[in-house]
Amino acid sequence: MDRGTRLIVYYLVIVVIVLSGFVVLYNYGMATWEGRPQPLYRSVGVIVQTVTTVGYGGDAPWTSPQMNSLVSLMALSGLVLIFAAPRCSWSKYFPNHRRGRSDDWLTAGERRGGTIRRQTATA
């Protein structure tokens, strides 16, 4: 297995471990700290909504400081996981994606004759 594929596998394993841990903690916290036990599938839904920054807030407001801290940690972890994804070597699977090129760009709306005109930055 090459380095890029290994990074993607590691990333996905970390995501599964983090989300599973949050599901268990959230389910425990709702039953213990909030006094509102709920089924595990509902905790999974809340975790996915929070980590993906959709955040419907179906269980909000949380009254205990422990749950407020946990939900804040989940939201911040979601941002870290989302921003860590591009660091994995996706270029192997998306070869047309160019990285690290700050000297040129494609400007939206600059189509001529059905093609996109490329501009080069001048300093």
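Predicted model: local features only at pLDDT ≥ 70, side-chain atom pairs only at ≥ 80, totals over all residues.
I take a salt bridge to be a side-chain nitrogen of Lys or Arg within 4 Å of a carboxyl oxygen of Asp or Glu. I number residues from 1 along each chain as its sequence is written, and side-chain values use heavy atoms, with hydrogens and water left out.

**Entry: salt bridge**

I searched the whole structure and found one salt bridge. Arg36 forms a salt bridge with Glu34, and their closest N and O atoms are 3.4 Å apart. I then looked up accessibility, where buried means under 20% relative accessible area, exposed over 50%, and partly exposed in between (1.4 Å probe, protein chains only). Glu34 is buried at 12%, whereas Arg36 is partly exposed at 31%.

**Entry: overall make-up**

I counted helices (H or I, at least four residues) and strands (E, at least two) as DSSP runs, numbered from the N terminus. The protein comes to three helices and two strands, and the order from the N terminus is α-α-α-β-β. Of the 123 residues, 26% are buried. For contacts I required heavy atoms within 4.5 Å. Among contacts between residues at least 6 apart in sequence, 53% join residues at least 24 apart.

**Entry: helix 2 and helix 3**

I fitted axes as lines to C-alpha atoms, for helices over the stretch in contact, with angles from 0 to 180 degrees between N-to-C directions. The axes of helix 2 (residues 40–51) and helix 3 (residues 65–84) come within 8 Å and cross at roughly 55 degrees. Helix 2 and helix 3 are therefore oblique to each other; angles under 35 degrees count as roughly parallel, over 145 as roughly antiparallel, 65 to 115 as roughly perpendicular and the rest as oblique.

I listed the residues that meet: Ile47, Thr50 and Val51 from helix 2, and Val71, Met74, Ala75, Gly78, Leu81 and Ile82 from helix 3. The residues of this contact divide into seven nonpolar, two polar and no charged. In that division, Ala, Val, Leu, Ile, Met, Phe, Trp, Tyr, Cys and Pro count as nonpolar, Asp, Glu, Lys and Arg as charged, and the others, Gly among them, as polar.

I placed Val71 in helix 3 and found it buried, at 12% relative accessibility. Not counting residues up to four places away in sequence, Val71 touches Tyr26, Thr50 and Trp62. Val71 and Ala60 are 11 residues apart in sequence and 9.8 Å apart in space, C-alpha to C-alpha.

I placed Val44 in helix 2; Val44 is partly exposed, at 37%. Val44 and Val23 are 21 residues apart in sequence and 5.7 Å apart in space, C-alpha to C-alpha.

**Entry: Asn27**

I located Asn27 in helix 1 (residues 3–32). Asn27 is buried, with a relative accessible area of 19%. Leaving aside neighbours within four places in sequence, Asn27 is in contact with Gln38, Pro39, Leu40 and Ser43.

**Entry: aromatic pair**

I paired rings of Phe, Tyr and Trp (its six-membered ring) if their centres lie within 6.5 Å; planes under 30 degrees apart count as stacked, over 60 as edge-to-face and the rest as tilted. The structure holds one aromatic pair. Tyr28 and Trp33 form this edge-to-face pair, with 5.7 Å centre to centre and 85 degrees between the planes. Tyr28 is partly exposed at 48%, and Trp33 is partly exposed at 32%.
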